[in-house]
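I opened this notebook to record, entry by entry, what I looked up in the model. The sequence and coordinates come before the entries.

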Amino acid sequence: MMVADIHITGKIELTCDVCLNQFWGKSDILQRLIIKFDDEDSVSDLTDEIMVLKKNEHELDLANIFYEYITLSVPYYSRCEEQGINVSCDQSMIDKLNSLNSQDDASTDTDPRWEILKKIKNNN
């Protein structure tokens, strides 16, 4: 049996979900992989942390393992100010988004059918 402590560091290019600015975010991955030697493919022992290598094999392909670790380390929600390295959101884009939100708030003309439904709800 072998135990591999894997440490991957680097930078990942991300896109901010708020301002759509591209920025570099840090990636620091620490994982442990257990490699068991066995003559048979024992499927019952396989997990994300355990890999089975046949006794007559002498090479171990870790490319897919590294790819999975890196892919799973990418944040689901990325934001310049939180994951970026000395980066802040694009202020012109934030101003544009705020102006669009204020225009939506100003146009409160609603469909009269919705008003009738609101009255029905209030009566109950």
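This is a predicted model: local features need pLDDT of at least 70, side-chain atom pairs count only at pLDDT 80 or more; totals for chains, interfaces and linings use all residues.

I took helices (H or I, at least four residues) and strands (E, at least two) as DSSP runs, numbered from the N terminus. Residues are numbered from 1 along each chain as its sequence is written, and side-chain values use heavy atoms, with hydrogens and water left out.

Entry on strand pairing. I counted two strands as paired if DSSP finds at least two bridges between them. Strand 1 (residues 2–15) and strand 2 (residues 22–37) run antiparallel and are joined by 14 bridges, with T15 having Q22 of strand 2 as its bridge partner. Strand 2 also pairs with strand 3 (residues 50–53), this time in parallel and through four bridges; here I found M51 in strand 3 as the bridge partner of I35.

Entry on the turn. Strand 1 and strand 2 form a hairpin with six residues between them, and I looked up L20, which lies in the loop between the two strands. L20 has a positive phi of about 65° although it is not a glycine; most residues other than glycine have a negative phi. For accessibility I used buried for under 20% relative accessible area, exposed for over 50% and partly exposed for anything in between (1.4 Å probe, protein chains only). L20 counts as exposed because its relative accessibility is 60%.

Entry on charges. Which residue forms a salt bridge with D5? Taking a salt bridge as a side-chain nitrogen of Lys or Arg within 4 Å of a carboxyl oxygen of Asp or Glu, I found that D5 pairs with R32, the closest N and O atoms being 2.8 Å apart. The pair links distant parts of the chain, with D5 in strand 1 and R32 in strand 2, 27 residues apart. D5 is exposed at 56% relative accessibility, whereas R32, at 47%, is partly exposed.

Entry on the surface. I noted a nonpolar patch formed by W114, I116, L117 and I120, with about 440 Å² of accessible area together. Patches are made of residues with over 30% relative accessible area and no salt bridge, joined within 9 Å for like charges and within 5 Å for nonpolar side chains (Val, Leu, Ile, Met, Phe, Trp, Tyr); the areas come from the Shrake-Rupley method with a 1.4 Å probe, and for residues only the protein chains shown count as cover. W114 lies in helix 4 (residues 112–123) and is exposed, with a relative accessible area of 53%.
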